[in-house]
Amino acid sequence: MPPEIVVALLSCAGTVAGAFLGVVTSQKLTDFRLKSLEEKVSRHNSIMERTFVLEEKMKVANHRIEDLEEGLRYGGD
């Protein structure tokens, strides 16, 4: 086989291997970033759920305080 063909085949193999490794590395980085974002979204959703519960409890507490103040105004004298 002529040396030019051997060099061309080796060059082609090197190019294919380099491209494949680049794609694999890029995919690993993308997976890592996606997993990190999923964790952040999960933490954010957890905080939002807890905030919603606290807001509901605050509404109930404020309503109870208003009822107590109203009772003091009209019945406490």
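Predicted model: local features only at pLDDT ≥ 70, side-chain atom pairs only at ≥ 80, totals over all residues.
Trainee: What does the radius of gyration say about the overall form?

Mentor: The idea is to set the value beside that of a compact globule with 77 residues, which would be near 11 Å. Here the protein chain has 33 Å. V41 and T15 are 26 residues apart in sequence, and their C-alpha atoms are 39 Å apart in space.

Trainee: What share of the residues is buried?

Mentor: Relative accessibility is the guide, and a residue counts as buried when under 20%. In this protein chain, buried residues make up 0% of the 77. Take V41 in helix α1: it counts as partly exposed because its relative accessibility is 46%, between the cut-offs of 20% and 50%. The accessible surface of the whole chain is about 7300 Å², and carbon and sulfur atoms hold 66% of that.

Trainee: Which residues make the nonpolar surface patch?

Mentor: Look for nonpolar side chains grouped on the surface. M1, I5, V6, L9 and L10 make a patch of about 530 Å². Within it, M1 counts as exposed because its relative accessibility is 74%.

Trainee: How many positive and negative side chains are there, and how far apart are the centres of the two sets?

Mentor: Count the charges, then compare their centres. The protein chain has 10 positive and 12 negative side chains, with the two centres 8 Å apart. Charges can also group locally: E66, D67, E69 and E70 form a negative surface patch. Of these, D67 is found in helix α1 and is partly exposed, at 41% relative accessibility.

Trainee: Which side chains meet in a salt bridge?

Mentor: Here you look at the distance from nitrogen to oxygen, with a limit of 4 Å. The structure holds 1 salt bridge, and it joins E56 and K59 at 3.6 Å, N to O.

Trainee: Why are E56 and K59 separated by about one helical turn?

Mentor: Because they are 3 residues apart in helix α1. As for accessibility, E56 is partly exposed at 33%, whereas K59 is exposed, with a relative accessible area of 55%.

Notes
Residues numbered from 1 in each chain as written. Heavy atoms only, no water. Rg over C-alpha atoms; globule rule 2.2 N^0.38 Å. Buried < 20%, exposed > 50% of the residue type's maximum accessible area, 1.4 Å probe, protein only. Areas by Shrake-Rupley, 256 points an atom, 1.4 Å probe, with all protein chains shown as cover. Lys, Arg positive; Asp, Glu negative; His and termini not counted. Charge placed at Lys NZ, Arg CZ, Asp CG, Glu CD. Patch = residues over 30% accessible without salt bridge, like charges linked within 9 Å, V, L, I, M, F, W, Y side chains within 5 Å. Helix = DSSP H or I, 4+ residues; strand = E, 2+ residues; numbered from the N terminus.
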